[in-house]
Amino acid sequence: MGRIYKFYIKKILRTKGMLFWSLAFPLMLGTMFYFAFGNIYGQQESKTMKVAVVGENAKDHAFVKVLQDLTYENGKKMIEIVFTSEDEAKHLLTPTDQEKAENKKNAEEGKTSSIIGMIKIQGETDVSLTIAENDLYQSILSGIVSSYRQKAEFMADSMARGEEAFQAAAKSVSQDMEYVVSAGMAGENKDPYIAYFYNLIAMVCMLGSTMAMEMTISIQPNETNTGLRIGASGVGRLKYEAAIVLAVFTIQLICVGVTLFYLIGILKLRFGGEVPMICVTTVAGTLMGIALGYLVAHIGHFKYSTKSTILTIITLAGGAISGLYAIQLKAVIEAKSPIINRINPMSVITDAFYSLNIFGVGERYYRAMITMGALTAALFIIGAILGRRNQYESL
């Protein structure tokens with residue numbers, strides 16, 4: 001198997017097209033993203049967000065007190081609260097053209113005259129968010145509301161289980177909320193445009209699928225003469241496939257490692273979270289991408305061109321859904337049909353990066369990693385089953 005592994009390492013290295021897309025193209029795209037988004041957030045990150053809060057007795061609500069305590073690292077308040085009616089808040093979220101022009105002028109002067117979101121409070125745990133079309137603050141506000149609702153529901157469930165459970169839950173939630181306030185509820189890197197770089201790394205991971213598919217198809221009897229010879233030989237096909245997977249995994253890890261070094265070490269981007277955990281996430285994502293290519297390679301007796309088209313559609317659609325072309329699209333999918341984000345490999349990878357940045361290593365990160373592992377295992381198993389079912393008696 002070692003000789004087969006070395007052979008496919010050399011074969012991949014001689015395939016210039018695959019190396020371009022897995023190495024050169026991500027570096028070029030990362031550079032473009034850097035110059036396109038590098039300074040946008042830095043010019044606005046310390047601006048106070050004006051948020052409308054509606055609901056009876058909202059001023060005395062625990063969540064409002066949390067919002068009032070949130071600050072940036074420089075001590076500036078993160079959120080300015082405006083207590084108003086729901087109708088007035090909705091009007092402020094959808095200003096007229098004249099009001100938009102006035103808001104833009106005020107923004108240029110460093111003033112904030114419009115709200116960027118409405119928080120509706122109807123009970124201790126019933127807190128909802130409506131946000132204007134503003135990519136910059138969407139993830140921050142949604143993270144705040146989501147975190148509070150999880151903690152409040154946890155407290156309510158603990159109260160129903162008795163006094164001892166409630167006291168333990170209160171201590172845990174208090175520690176969590178102290179961390180949230182000190183971190184500004186936006187993680188190590190508050191820049192929402194970092195999501196484009198999350199998607200870039202996810203794309204590099206998924207590019208391994210093309211490499212895995214091409215190498216796997218190259219040993220199929222209905223596609224190549226090499227496949228005919230392997231099929232007639234005494235060496236099991238699974239042994240060749242295992243060597244191919246290891247070879248592709250090795251090359252792809254090098255490519256994604258170079259990309260990460262370039263983004264973090266050369267461009268000095270802050271991905272949020274610890275670098276070792278970012279690397280672990282990347283390794284898992286790379287293996288999942290290879291598993292996808294392995295599965296597609298075994299779908300029926302289709303020609304290479306058909307399988308290549310199938311894989312291209314999957315990866316392009318997955319990239320679009322995960323926010324590679326528009327950050328807000330992933331949030332829309334999450335609101336309308338969250339199951340799509342759970343089974344889309346690129347969305348799972350970006351969610352793992354997002355979780356590391358915003359929440360650190362915790363429940364949401366573990367959920368993303370477990371999902372990634374389950375998808376990888378499922379793709380490999382289904383691919384192996386389909387491969388065993390393919391028979392080539394007529395060749």
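This report walks through a sheet, a helix pair and some aromatic contacts in a predicted model.

## The sheet

Start with the strands. Four of them form an open sheet in the order β2-β1-β3-β4, and the pairing is mixed. The edges belong to β2 (79-83) and β4 (127-131). Each edge strand has a single partner, so one side of each lacks a neighbour in the sheet. On average, neighbouring strands are turned by 25° against each other, direction ignored.

Now look at one pairing. Strand β1 (residues 49-54) runs in the parallel sense with strand β3 (residues 117-121), over four bridges. Find valine 51: its bridge partner in β3 is glycine 117.

## Helices on the sheet

Helix α3 (residues 62-69) packs on this sheet. It touches β1, β2, β3 and β4, and its direction makes about 140° with that of β2.

Helix α4 (residues 86-93) lies across β1, β3 and β4. Relative to β3, helix α4 runs at about 160°.

## Two packed helices

Two packed helices are described by the angle between their axes and the distance between the axes. Take helix α8 (residues 194-217) and helix α12 (residues 304-322). Their axes come within 11 Å and cross at roughly 170°. An angle over 145 degrees counts as roughly antiparallel. The two helices, α8 and α12, are therefore roughly antiparallel to each other.

Which residues meet? From α8 come Asn199, Ser209, Thr210, Met213, Glu214 and Ile217. From α12 come Tyr304, Lys307, Ser308, Leu311, Thr315, Gly319 and Ser322. By class, this contact of α8 with α12 has four nonpolar, seven polar and two charged residues.

## Aromatic pairs

The structure holds ten aromatic pairs. One of them joins phenylalanine 33 and phenylalanine 197 edge-to-face, at 5.9 Å centre to centre and 90° between the planes. This pair links distant parts of the chain: phenylalanine 33 is in helix α2 (residues 16-37), phenylalanine 197 is in helix α8, and they are 164 residues apart. Buried means under 20% relative accessible area. Phenylalanine 33 has 11%, so it counts as buried. Phenylalanine 197, at 3%, is buried too.

Phenylalanine 271 and phenylalanine 353 also form an edge-to-face pair, at 6.4 Å centre to centre and 65° between the planes. Phenylalanine 271 sits in the loop between α10 (237-266) and α11 (275-297), while phenylalanine 353 is in helix α15 (residues 345-358), 82 residues apart. Phenylalanine 271 is buried at 3%. Phenylalanine 353 is buried at 1%. Elsewhere, ring pairs link Phe20, Trp21 and Phe25 into a cluster.

Definitions and conventions. Residues are numbered from 1 along each chain as its sequence is written. This is a predicted model: local features need pLDDT of at least 70, side-chain atom pairs count only at pLDDT 80 or more; totals for chains, interfaces and linings use all residues. Side-chain values use heavy atoms; hydrogens and water are left out. Axes are lines fitted to C-alpha atoms, for helices over the stretch in contact, and angles run from 0 to 180 degrees between N-to-C directions. Angles under 35 degrees count as roughly parallel, over 145 as roughly antiparallel, 65 to 115 as roughly perpendicular and the rest as oblique. Contact means heavy atoms within 4.5 Å. Ala, Val, Leu, Ile, Met, Phe, Trp, Tyr, Cys and Pro count as nonpolar, Asp, Glu, Lys and Arg as charged, and the others, Gly among them, as polar. Rings of Phe, Tyr and Trp (its six-membered ring) pair if their centres lie within 6.5 Å; planes under 30 degrees apart count as stacked, over 60 as edge-to-face and the rest as tilted. Buried means under 20% relative accessible area, exposed over 50%, partly exposed in between (1.4 Å probe, protein chains only). Two strands pair if DSSP finds at least two bridges between them.
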